[in-house]
Amino acid sequence: LAAPAPAAQPVATPAATAATAPRVSVVCTGASLGLPGGTEVFEPDAVQRMLRGENRITPVTERDQDRFIEKNLVRLTKDPLTGEGSFLPVNTRDQVIRLAGQKAHFDLVADYGVDAALARSLDITTQLAFAAALEALKDARIPLVRTYRQTTTGKAVATGWALPASLRDSTGIVFASAFPGYDQLVRKLGDNGGDGEGHFDRRFLFQILAMGHSQVAQFLGARGPNTQVNAACASTTQALAVAEDWLRSGRCERVIVVGADDVTSDALLPWIGAGFMAAGAATTKDKVEEAALPFDRRRHGMILGMGACGMVLETTEAAAARGVRPIAELLGAHIANSAFHGTRLDAEHIAREVKTLVDRAVALAGTTHADFARQCVFLSHETYTPARGGSAAAEMASLPHAFGPAASRIVIANTKGFTGHPMGAGIEDTVAVKALQYQQVPPIPNLKEPDPELGELTLSKGGHYDVQYALRLAAGFGSQLALAAWKKIARDDERLADPRRAEAWLAEAAGGRGHTVVEHRQLRFILDEPTAPAATTPPAATATTARATATVSSTDVLARLVGVIAAKTGYGREEIDPAYELEADLGIDTVKQAEIFAEVRDAYGLARDDSFKLADYPTVEKLAGWLAERASATASPS
């Protein structure tokens with residue numbers, strides 16, 4: 001008799017493997033916040049100001065009001081109670097936007113030490129993302145370390161600051177923005193692409209592309225996965241879901257999520273503001289207390305805003321290895337699309353999706369729906385657009401569907417009443433985790449007549465709340481939906497779980513013992529005994545430069561060239577050895593070399609020489625020698 005066939009072995013499918021694999025825990029170890037209004041975007045106490053519920057909305061100038069009128073707008077107006085619309089031609093200032101959350105002081109170069117030439121190649125959204133990333137890393141206690149390049153002479157030249165080498169390959173970046181590059185595009189279209197010096201700006205493509213993710217990565221040396229997401233006003237929360245997927249799948253160990261938008265800039269406000277007025281979504285009131293009305297029966301239109309945020313997400317193991325105490329655990333993030341409408345919300349679909357996330361988060365938290373609700377703060381997306389078709393009704397219907405009668409115990413919070421709508425910048429995402437950390441929830445602003453049709457709600461009055469969980473809902477044009485649920489870990493500023501481990505990790509990551517300092521608002525690690533040799537002071541001119549006649553001092557030419565290189569690159573003058581090659585040693589690309597050469601050549605009044613090849617003079621001293629020799633027959637430099 002033939003032997004019986006062996007029993008068929010089950011095939012391990014990816015789904016089955018994922019189901020049996022241990023769950024990777026994801027935590028937030030750092031978060032930052034940039035706000036409109038006030039004295040500057042990234043105020044040191046921006047988080048505390050938002051948790052207290054500080055108004056950041058300011059009047060729009062009469063000049064900007066007149067720019068709206070110049071658009072020949074026909075504005076859709078909606079009855080705040082019935083939602084019925086009518087069309088109204090715009091002819092006077094009282095018919096246009098008169099309030100907005102607008103950017104105060106922000107200078108990436110002066111405040112954050114970023115090279116001016118690099119900053120000029122960035123759109124404002126990317127500039128804000130740079131700052132948000134640096135502030136979040138500081139909050140996460142991840143310092144930048146000095147980087148060096150080995151020169152052809154065997155010396156090491158300092159090149160900048162970046163993540164510790166051991167973190168670079170395992171760090172990803174997600175950039176979230178609804179309007180990336182738009183500010184620069186509008187500006188460039190308005191001045192024919194000018195660079196300020198009479199020519200078309202060769203940085204044009206870098207300025208208008210959505211490149212914040214790659215540019216932040218290049219600046220920090222983060223070589224992990226890298227992308228940009230645009231889910232309109234749900235962008236940052238969707239970015240958290242992308243980061244969660246990367247971390248749980250093992251693609252990296254940490255992800256820096258940055259979100260930024262500035263639609264109230266001088267260039268964008270007339271266009272984006274006109275768009276929202278034409279769609280009937282914006283208020284034209286000139287008093288904040290009559291305009292910013294989340295959850296109020298009188299709500300009638302939104303206020304435009306701006307902002308930025310940064311969040312560092314890590315695996316629990318990565319955070320523990322650094323000896324830090326995370327702010328909160330990400331119980332889960334969820335993204336979906338209602339496939340419904342460009343601007344309206346599908347309340348039934350949203351309710352189902354909220355329940356999906358809530359059921360998963362409650363199970364992971366090991367609690368009940370009632371206990372979760374009793375200790376939960378809900379960061380609402382509410383934009384205080386007219387009651388009929390606005391976001392408040394859809395959001396408040398979703399909570400009872402997910403939690404049942406316990407939904408009335410959830411503390412409801414809103415920040416758009418203080419900042420205006422920051423578009424894709426997830427101010428609420430940072431506030432969610434910081435509310436857990438500090439046990440403080442911002443109040444519902446300007447509330448006088450709670451809308452009874454929203455049901456029984458616990459609307460935040462501000463101040464202290466005992467909250468262990470945070471639930472965040474974000475919705476965007478195009479039926480975009482993104483959700484996140486958090487569980488509290490840290491309390492107040494007790495952020496070191498194991499100081500000795502933290503110290504040991506820093507020493508290992510940075511390559512030696514040292515200390516952290518805050519310079520240019522960056523957390524930096526300074527080695528007590530630098531391993532890289534100090535750059536030499538530029539010596540006297542060599543024989544190559546000595547051929548210049550007395551008309552022009554070769555030493556002066558070399559000094560001037562070194563000064564120009566320092567100004568164009570951000571190097572200190574003492575870091576530039578004349579024997580260094582411009583590209584191989586100093587990392588100066590051919591475009592930058594041409595800029596440097598042109599400036600020094602013009603300073604000495606040298607005519608263009610088509611036979612000259614910059615590649616024949618690769619070092620600082622050789623280029624200075626050629627300049628000195630040619631300049632000797634000309635007049636003194638300007």
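Visitor: How many bridges pair strand β10 with β11, and in which sense, parallel or antiparallel?
Guide: In this predicted model, strand β10 (residues 254-262) and β11 pair in the antiparallel sense, over nine bridges. One of the facing pairs is Val-257, which stands opposite Met-311 in β11.

Visitor: What holds paired strands together in general?
Guide: The strands of a sheet pair through backbone hydrogen bonds, and the pairing is either parallel or antiparallel.

Visitor: Which strand is joined to β11 by eight bridges?
Guide: That is strand β1 (residues 26-34), which runs antiparallel to β11 (residues 306-315). Gly-30 stands opposite Val-312 in β11, and Gly-34 stands opposite Ala-308.

Visitor: Are the residues of β11 buried or exposed?
Guide: For β11, 10 of the 10 residues are buried, so the strand is largely enclosed by the rest of the structure. Met-306, Ala-308, Gly-310, Val-312 and Glu-314 point one way from β11. Gly-307, Cys-309, Met-311, Leu-313 and Thr-315 point the other way, and the residues of both sets are all buried.

Visitor: Where do these strands sit in the sheet as a whole, and what is its order?
Guide: The sheet is open, has 11 strands and shows mixed pairing; its order is β9-β8-β10-β11-β1-β12-β19-β18-β13-β14-β16. Its edge strands are β9 (226-229) and β16 (458-459), each of which pairs on one side only.

Visitor: Changing topic: how many residues lie between the strands in the hairpin of β20 and β21?
Guide: There are two residues between the strands of that hairpin, where His-520 takes a positive phi near 50 degrees. Strand β20 (residues 514-519) and strand β21 (residues 522-527) are antiparallel and pair over six bridges. Val-517 has Arg-524 as its bridge partner in β21.

Visitor: Why does the span of helix α21 agree with what one expects?
Guide: At 1.5 Å a residue, the 16 residues of helix α21 (residues 554-569) should span 22 Å, and the end C-alpha atoms are 22 Å apart, which agrees. The buried residues of α21 include Val-557, Leu-558, Leu-561 and Ile-565. Those buried residues pack against α22 (590-603) and α23 (620-631). Just after α21, Gly-570 takes a positive phi of about 95 degrees.

Visitor: Where does Ile-427 lie?
Guide: Ile-427 lies in helix α19 (residues 427-438). The residue is buried, with a relative accessible area of 0%. Leaving aside neighbours within four places in sequence, Ile-427 is in contact with several residues, including Leu-33, Gly-34, Met-306 and Gly-307.

Visitor: How many cavities of 30 Å³ or more are there?
Guide: A search of the whole structure finds two. The largest has a volume of about 40 Å³, and residues lining it include Ser-338, Arg-344, Asp-346 and Leu-481. Its lining divides into three nonpolar, three polar and two charged residues.

Visitor: What about the second largest cavity: which residues line that one?
Guide: Among them are Cys-233, His-381, Lys-416, Pro-422 and Arg-472. The second largest cavity holds about 30 Å³ of space. The residues of its lining divide into four nonpolar, four polar and three charged.

Definitions and conventions
Residues are numbered from 1 along each chain as its sequence is written. This is a predicted model: local features need pLDDT of at least 70, side-chain atom pairs count only at pLDDT 80 or more; totals for chains, interfaces and linings use all residues. Side-chain values use heavy atoms; hydrogens and water are left out. On a 1 Å grid over the protein atoms alone, a cavity is a set of points where a 1.4 Å probe fits but cannot get out, and a pocket is an open set with protein on both sides within 12 Å along at least five of seven lines; lining residues have an atom within 4 Å of a point. Grid points are joined across faces, edges and corners, and a volume is the space filled by probe spheres set on the points. Ala, Val, Leu, Ile, Met, Phe, Trp, Tyr, Cys and Pro count as nonpolar, Asp, Glu, Lys and Arg as charged, and the others, Gly among them, as polar. Helices (H or I, at least four residues) and strands (E, at least two) are DSSP runs, numbered from the N terminus. The expected span of a helix is 1.5 Å times one less than its number of residues. Buried means under 20% relative accessible area, exposed over 50%, partly exposed in between (1.4 Å probe, protein chains only). Contact means heavy atoms within 4.5 Å. Two strands pair if DSSP finds at least two bridges between them.
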